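This report describes selected local features of one protein model. The sequence and the structure come first, and the text follows.

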Amino acid sequence: MRTRNPLIVAAAAGTLLLAGCASGGSETESSGSASEGGAMAQECQPVPGDALTVLADDLMLQNADNVIPAVNADAATPELLAGLDAVSAVLTTDDLIQLNKAVDIDRQTSQEAATQYVADNGIEAPEQGSGSIVIGAANFSENITVAEIYSAVLASAGFDTEVRTIGSRETYLPALEKGDIQVVPEYAATVTEFLNLDQNGADAEAVASGDVDATVTALEPLAETAGLVFGEPSAAQDQNAFAVTQDFADQYGVTSLTELAETCGTISLGGPPECPERPFCQIGLEEEYGLEVSQFDSLDAGGPLTKNALRQGQVMVGLVFSSDGELG
């Protein structure tokens with residue numbers, strides 16, 4: 001599993017991406033809304049199985065943490081941005097899953113996985129550039145791999161590139177703002193809220209949402225104040241997600257959280273201890289989707305306890321991270 005814990009990252013940014021799971025909820029409303037669309041929801045049971053799959057968050061409960069290139073404004077030439085945007089045009093969440101599998105499970109290096117990915121997808125920068133570009137990365141494998149993808153594409157366009165693993169957002173973002181590094185792979189909603197709180201105070205109203213376009217629009221003035229420019233967001237997302245076994249999805253015919261609510265209504269849920277008190281976890285499932293959580297198992301944040309509980313049929317639904325290399 002990746003060394004980065006999005007709960008911790010999001011908390012540092014002031015927006016808890018895992019903040020949505022409270023058992024309080026409105027259980028009476030939940031039961032009703034689960035059957036509003038037509039047939040009464042049935043009593044579903046966990047289905048053990050090895051393969052895990054994420055249910056689509058079709059009501060956009062989670063904030064849009066799409067991978068997006070962050071660039072120091074002084075270094076943001078059209079040629080540089082074009083090369084980074086060429087990566088964003090291709091990168092998907094499924095790609096992140098496979099890249100994380102290659103590094104975290106199959107033990108390739110991030111550079112090896114990135115080089116193969118660029119070759120397999122034929123990613124090329126549309127314009128040639130020049131100059132030295134240091135690409136910073138957070139200290140977890142997914143971010144390092146994306147940094148290596150940026151590096152490979154920019155190097156082929158004529159830039160002299162270096163990837164430097166730096167650490168947390170509190171460390172690499174100031175370095176990016178000062179120009180000590182020129183590029184960092186970022187996550188749209190989390191960096192938006194990080195800059196929002198930094199510039200507007202700890203009580204600032206959240207401006208990120210589940211809509212990536214609206215989130216990037218809110219990010220633009222914050223970025224300008226910080227001396228940053230952001231490229232185009234990719235389709236790839238690393239955010240909280242809710243998984244079931246593939247066997248469960250097949251047996252009950254569900255692919256989204258709305259379908260889960262319509263089909264089952266009542267669920268058992270596994271996740272980190274704080275999930276029942278977070279709006280993007282249990283509270284969100286109950287209030288936004290009309291699900292009733294009849295059983296909550298305190299496990300971990302997308303880690304082995306939650307995934308094993310799903311596979312063994314201990315819980316029906318588990319909170320995971322959308323780009324986890326064990327998903328498929």
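## Basis

The model is predicted: local features need pLDDT of at least 70 and side-chain atom pairs count only at pLDDT 80 or more, while totals for chains, interfaces and linings use all residues. Residues are numbered from 1 along each chain as its sequence is written, and side-chain values use heavy atoms, with hydrogens and water left out.

Helices (H or I, at least four residues) and strands (E, at least two) are DSSP runs numbered from the N terminus. Buried means under 20% relative accessible area, exposed over 50%, and partly exposed in between (1.4 Å probe, protein chains only).

## Helix 3

Helix 3 (residues 78-88) is largely enclosed by the rest of the structure, because eight of its 11 residues are buried. These are Leu80, Leu81, Ala82, Gly83, Leu84, Ala86, Val87 and Ser88.

The cover over the buried residues of helix 3 includes strand 2 (67-72), strand 3 (132-138), helix 6 (141-156), strand 5 (183-187) and strand 6 (228-230). Contact here means heavy atoms within 4.5 Å.

## Helix 9

Helix 9 (residues 212-226) has 15 residues and spans 20 Å from first to last C-alpha, close to the 21 Å expected at 1.5 Å a residue; the expected span is 1.5 Å times one less than the number of residues. Helix 9 bends by about 30 degrees at Glu220, with a proline, Pro221, following within four residues. The bend is the angle between axes fitted to the seven residues ending at a residue and the seven starting there.

At the start of helix 9, a side-chain oxygen of Asp211 comes within 3.0 Å of the backbone nitrogen of Asp213. Just after the helix, Gly227 has a positive phi of about 75 degrees. Buried residues of helix 9 include Val212, Leu219 and Ala226, and their cover includes strand 2, helix 7 (169-178), helix 8 (188-200) and strand 6.

## Disulfides

There are two disulfides, each a pair of cysteine sulfur atoms within 2.5 Å. One joins Cys44 to Cys264 (S to S 2.0 Å). This pair links distant parts of the chain, 220 residues apart: Cys44 lies in the loop between helix 2 (27-34) and strand 1 (52-55), and Cys264 in the loop between helix 11 (257-263) and strand 8 (266-271). Cys44 and Cys264 are both buried, and their link is left-handed, with -90 degrees about the S-S bond.

Cys275 is joined to Cys281 (S to S 2.1 Å). This link of Cys275 and Cys281 is left-handed, at -90 degrees about the S-S bond, and both cysteines are buried.

## Aromatic pair

The whole structure holds two aromatic pairs. Rings of Phe, Tyr and Trp (its six-membered ring) pair if their centres lie within 6.5 Å; planes under 30 degrees apart count as stacked, over 60 as edge-to-face and the rest as tilted. One of the pairs, Phe248 and Tyr252, is tilted, at 4.7 Å centre to centre and 45 degrees between the planes. Phe248 and Tyr252 are four residues apart in helix 10 (residues 246-252), so about one helical turn separates them. Both residues, Phe248 and Tyr252, are buried.

Terms used
A polar contact is a pair of N or O atoms within 3.5 Å; within protein, one must be able to donate a hydrogen and the other to accept it, and residues adjacent in sequence count only if both atoms are side-chain atoms.
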